[in-house]
Amino acid sequence: MHFIDVVLPIPLEKTFTYVVSEKEASFLKTGMRVAVPFGKTKIYTALVYRVHQTLPETYVPKEIDQILDEAPIISEKQLKEWEWIASYYMCSLGEVFKAAVPSAFLLESETLILKNESFNVGEENSLADDEWLVYEALQHQSMLKVQEVSSIIDRKNILPVLKRLLEKNVIHLKEEVYEQYKPKLVRYIKLGNAYTSDEKLSELLASLSNRAHKQREVIMTLFSMEATTNKPIKVKDLEEKSGASSAVVKTLIEKNILEEYHLQQDRIQYEGDEVSSLKDLNEYQASALTKINNHFKTDEVVLLHGVTSSGKTEVYVKLIEKVINEGKQVLYLLPEIALTTQLIKRLQDYFGEKVSVYHSKYSVNERVEVWNNILKSVSRAQIVIGARSAVLLPFSNLGLVIVDEEHEVSFKQFDPAPRYHARDTAIVLASLHKAKTLLGTATPSIESFYNTKIGKYKLVEINRRYGNVLMPDIELTDIKEKHRKKRMTGHFSDRLIEAMQEAIEEGEQIILFQNRRGYAPILECNTCGHSPQCPNCDVSLTYHQYKNQLRCHYCGYAMAKQLACGACGSSELDTKGFGTEQIEAELKEIFPKLKIGRMDSDTTRGKYGYEKIITAFEQQEIDILVGTQMLTKGLDFRNVSLVGVMNADNLLNFPDFRAHERSFQLIQQVSGRAGRTKKRGKVIIQTYNPFHQVLQQASLNRYEELFTDQVNERRQFKYPPFTRIIKIVFKNKDYNKVNEASSWYAKALHTVFDSYTKTEILGPEFPPVSRIRNEYLKNIVIKVPQNQSTKQTKDALRKIDKTFNAIAAYRSVRIIYNVDAY
């Protein structure tokens, strides 16, 4: 007998075994998909993990439902990378499989409702009204889908109705798997085989000239198009060129004069002009490129620390050119989808159609096509630009991985599992392919810079901006003093307004940064102090003026803005704090004639949301752009001379050991958007504490000083890079259960680790927001020292986890493991 082990796209620790025939076993390979029954009725898409002949000991294996692929869709090296993610980030292989592949590959079965022919028609009177509606619909249709039944009886929960119909033998259910991905087929046209000879064609044209001028015109147009281009002719192009309606073309097809055929085409096509040549590097870039190439001869990972606007992208482009000339693939990772918008255009100018893009704003079908192109190593996918998830793609011949803005927190996946860090995963992926990794940034993360100090990575620096433009002049404005002297207009100090007026008179653009969306984070009653809270989470609701509603940024709950206080009935409601929306509203009052744009996750919802705003700003249709942190990362605007940081203090005063590092990075990055061409840029940072050490370091561009301070602090308090952090989160709707479960787990941890290791266990403790979506959260943080094996620590946690799950009282408590939770 032959068996296969499969990975199911659900959080199960083990693989499952199914029985296959000898013929199927010889055809199946690791990385193919099969549809398998799992549970009572469900059919899942599973991934073949291995083919073998060992009967499982504990259960009788079922047969597979069907084979879905003719060849593997997952490469061997990709599967090894997934295994590493599952092991290192403490999740199941199934969760990695589900996160990695486009959802079109994961066919789940759909329940179909069929009528039972043996149902006695005389018993119709016994049916209730809603049952009767379903029964009647099945008289006209052979089968119904679950959604269709839902709309027929106009109810969301239809399970009770179906249950009653099943008990009365009116219906029976069937599971069916269906393919979600549909290739895009384009209609093409050619002359029918009967008219390919010259005589037949002359006869045809002569016969048409007397009675069907339009049909003759279509054929003549087709001729001229075929003569000028060697490509197949699309029906749509022929209709446009000849000016004929689709009915005329249809008539010619019906007469067999023209013949239509379909060709499969990718949904995303590069339609640019000729590829432009690469720019020459200046001496600093050229020197950096030489050093990088020299390091790559002996080392795997290089950190490129180049100040903002030093031209790092041009260095990347030279490296990419070298790798694709060797016929290898390149992965270019970016932290933010907004960044890909600008970069795609730049890379397509150099490399044309060799560039593919992969991120969540693309449709499922588009992602399937990119996946297939990478798998087949076609030239259209030699360079892959993507956000975090692109690191999980099926590369077969990877030569270089570039991680741009490597310090960015967006590279870390927080929910759902796998909670991987794309930068670290990219380094592992590159080593599996024996490829090189280049980490690029203007403000390196403390961990990466520390790795260069201990010789794990090599360091290359560019300390001059491109074109020798000076670094921006950063000015700290004390708004405590400005408030005291009554020199504030709304949230703008007189100094910031003065600088903005100067920039506008010069015809330059301005960026304002406020790391909070919405109008105001709190709406408060002036009489009793009550502020509306989210019913599902422990947070106050944020006021969004453009929809006149209060929203929760954790669970999405929304309600209309109240006219009176919900507690005391007073109508004196006031907002506290401010977000991007309020800044935008104040600007419209201060500068009524200017065009003001806003860029945050409210205004960039659609697929082209980022592109529209960025393009409008590039083409100077927007004078002032207000935005959250998505503005700070690597965007290149040529005409921005002034950047304003509205309030630096809410970055600094954050309960996180990386708050100071992140504040420095954000301020440096947002400052880097100013003065990128000829004139020196200006940055004004509004703060209540202008003498704060981190603000001073950021304003004077002293990264090394910040690094020394941070490293000393972290060594003292045992934080990364001197320890590994594993965070364990407990979730449940019952407050007491979360408390008891986390206390039990903490005791078990102390029992295991206190005796022989220096592992620190902090907690259990409630986080600042301790209830989200009606679930209470409690955290335990484990600090694993450098000299202790992380693998052994994780193995010990898995053992505790097994014991924990065996306790019936705690079974409903969900545990989340987050490795490197920062």
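Two strands count as paired if DSSP finds at least two bridges between them. With that in hand, welcome to some close-up views of this predicted model.

**View 1. Strands β12 and β17 run side by side.** Strand β12, residues 301-306, is parallel to strand β17, residues 436-441, and five bridges join the two. Look for histidine 305, which stands opposite threonine 441 of β17.

**View 2. The open sheet has seven strands.** Follow the strands in the order β14-β15-β13-β16-β17-β12-β18, with parallel pairing. At the edges stand β14 (355-358) and β18 (458-462); each has a single partner strand, so one side of each is left without a neighbour in the sheet. On average, neighbouring strands here are turned by 20 degrees against each other, direction ignored.

**View 3. Helix α15 packs on the sheet.** This helix covers residues 422-432 and touches four strands: β12, β13 (329-333), β16 (398-404) and β17. The direction of α15 makes about 155 degrees with that of β17.

**View 4. Here is the largest cavity.** The model holds two cavities of 30 Å³ or more, and the largest has a volume of about 60 Å³. Its lining is made up of His407, Glu408, Val409, Lys412, His421, Arg423, Glu447, Arg658 and Tyr822. Sorted by class, these are five charged, two polar and two nonpolar residues.

**View 5. Next comes the second largest cavity.** Its volume is about 30 Å³. Around this cavity you will find Leu523, Cys525, His530, Pro532, Gln562, Cys565, Gly566 and Leu573. Five residues of this lining are nonpolar and three are polar, with no charged ones.

How values were computed:
Residues are numbered from 1 along each chain as its sequence is written. This is a predicted model: local features need pLDDT of at least 70, side-chain atom pairs count only at pLDDT 80 or more; totals for chains, interfaces and linings use all residues. Side-chain values use heavy atoms; hydrogens and water are left out. Axes are lines fitted to C-alpha atoms, for helices over the stretch in contact, and angles run from 0 to 180 degrees between N-to-C directions. Contact means heavy atoms within 4.5 Å. On a 1 Å grid over the protein atoms alone, a cavity is a set of points where a 1.4 Å probe fits but cannot get out, and a pocket is an open set with protein on both sides within 12 Å along at least five of seven lines; lining residues have an atom within 4 Å of a point. Grid points are joined across faces, edges and corners, and a volume is the space filled by probe spheres set on the points. Ala, Val, Leu, Ile, Met, Phe, Trp, Tyr, Cys and Pro count as nonpolar, Asp, Glu, Lys and Arg as charged, and the others, Gly among them, as polar.
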